[in-house]
Amino acid sequence: MSRPLQRSRAAETASPPLVSTLDQADWAAIQCALDAQGYATTTALLTHDECRELVALYNEDARFRSRVVMQRHAFGRGEYKYLNYPLPPVIEALRQSIYPRLAPIANRWRQALGEPGVFPPALDAFLAECHAAGQPRPTPLLLRYGPDDYNCLHQDLYGALAFPLQLTVLLSEPGRDFTGGEFVLVEQRPRAQSKAEVVPLAPGEAVIFTVNHRPARGTRGWYRVALRHGVSRVRSGSRHTLGVIFHDAA
């Protein structure tokens, strides 16, 4: 389904508190963390009410283009649904407002690794490139895990065009809504053993992380470090998250 690009400017202003929250975030610290370790966490971007509304949205099948049951594909256990366009205003606002803050980092990484091309400064222009390349399907998604569910380590690549950063927002409260279910990142370093990170989040907080690979400086210059992400086994309760991916899918 092609994206109605003309809607994005109205959606961008749909959540003034969100835009204000993003303006107050320490983007210099986020940039440093992304450069150093491939991920960064934020303070709460969504309110408790917004989190609850997105959790409730999961049951509205008409808002989604597809549902994936992970165990059918050996992805893990649990399920997720890809949203349809038009996106819910708060998700559209997140996507539109965060992309311009990450595009300079993405371009710097691309330059360091000697990759051709430049990511446009605005999301609409990048999505137009995705659609022209045969990637018109929206990729933001909601995920739901129950007891014993988990997500295997993976990368969210949906075509030839991929923005190198994405984010996940936790919608449930650890310890109250669920136990276990930690967000996990694994860095696969060349000629070295892999390094794992467990990233704790509170409701509404986000982790921004590498989709595929990031640059790291070695004694002989820049090299690629690949990252994969997943979720450890949920021990009890129900865990919901929002995934915001900036490239669309083939």
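Predicted model: local features only at pLDDT ≥ 70, side-chain atom pairs only at ≥ 80, totals over all residues.
Two helix contacts involve H5, which spans residues 89-112. One partner is helix H3, residues 27-37. The axes of H3 and H5 come within 11 Å and cross at roughly 40 degrees. The two helices are therefore oblique to each other. Their crossing is right-handed. On the H3 side, the contact is made by Trp27, Gln31, Leu34 and Asp35. H5 contributes Ile98, Arg101, Leu102, Ile105, Arg108 and Trp109. By class, the residues of this contact divide into 6 nonpolar, 1 polar and 3 charged.

The other partner is helix H6, residues 123-132. H5 and H6 pack at an angle of about 100 degrees, and their axes are 9 Å apart. That angle makes H5 roughly perpendicular to H6. Arg95, Gln96 and Tyr99 represent H5 in the contact. They meet Leu123, Asp124, Phe126 and Leu127 of H6. The contact of H5 with H6 has 4 nonpolar, 1 polar and 2 charged residues.

Salt bridges were examined next. The count comes to 14, taking a side-chain nitrogen of Lys or Arg within 4 Å of a carboxyl oxygen of Asp or Glu. Asp61 and Lys81 form one of them, with the closest N and O atoms 2.6 Å apart. Asp61 lies in the loop between helix H4 (48-57) and strand S2 (64-69), and Lys81 lies in strand S4 (residues 79-83), so the pair ties together parts that are 20 residues apart in sequence.

The side chain of Glu79 meets that of Arg144 in a salt bridge, at 3.1 Å from N to O. Arg144 is partly exposed, at 30% relative accessibility. Glu79 is buried, at 9%.

A further salt bridge joins the side chains of Glu187 and Arg214, at 2.8 Å from N to O. Glu187 belongs to strand S9 (residues 183-188) and Arg214 to strand S12 (residues 213-218), so the link ties together parts that are 27 residues apart in sequence. Both ends are buried: Glu187 has a relative accessible area of 11%, and Arg214 has one of 5%. Elsewhere, salt bridges that share partners join Arg67, Glu79 and Arg144 into one network. The bridge between Arg144 and Glu79 described above involves two members of that network.

Strand S9 also contains Phe183. Phe183 is buried, with a relative accessible area of 4%. Neighbours within four places in sequence were set aside in listing its contacts. The remaining contacts are Thr168, Glu197, Val198, Val199, Val207, Phe209, His229, Gly230 and Arg239. Leu157 is 26 residues from Phe183 along the chain, and the C-alpha atoms of these two residues are separated by 19 Å.

Local backbone features complete the description. A cis peptide bond joins Tyr85 and Pro86, with omega at about -5 degrees. Pro86 lies in the loop between S4 and H5. Ala74 has a positive phi of about 60 degrees, although this residue is not a glycine. The loop between S2 and strand S3 (76-77) holds Ala74. Ala74 is exposed, with a relative accessible area of 64%. Asp148, likewise not a glycine, has a positive phi of about 70 degrees. Asp148 is found in the loop between S5 and strand S6 (150-154). Its relative accessible area is 39%, and Asp148 is therefore partly exposed.

Definitions and conventions:
Residues numbered from 1 in each chain as written. Heavy atoms only, no water. Axes fitted to C-alpha atoms, helices over the stretch in contact; angles between N-to-C directions. Helix = DSSP H or I, 4+ residues; strand = E, 2+ residues; numbered from the N terminus. Parallel < 35°, antiparallel > 145°, perpendicular 65-115°, else oblique. Left-handed = near helix turned anticlockwise from the far one by under 90°. Contact = heavy atoms within 4.5 Å. Nonpolar A, V, L, I, M, F, W, Y, C, P; charged D, E, K, R; others polar. Buried < 20%, exposed > 50% of the residue type's maximum accessible area, 1.4 Å probe, protein only.
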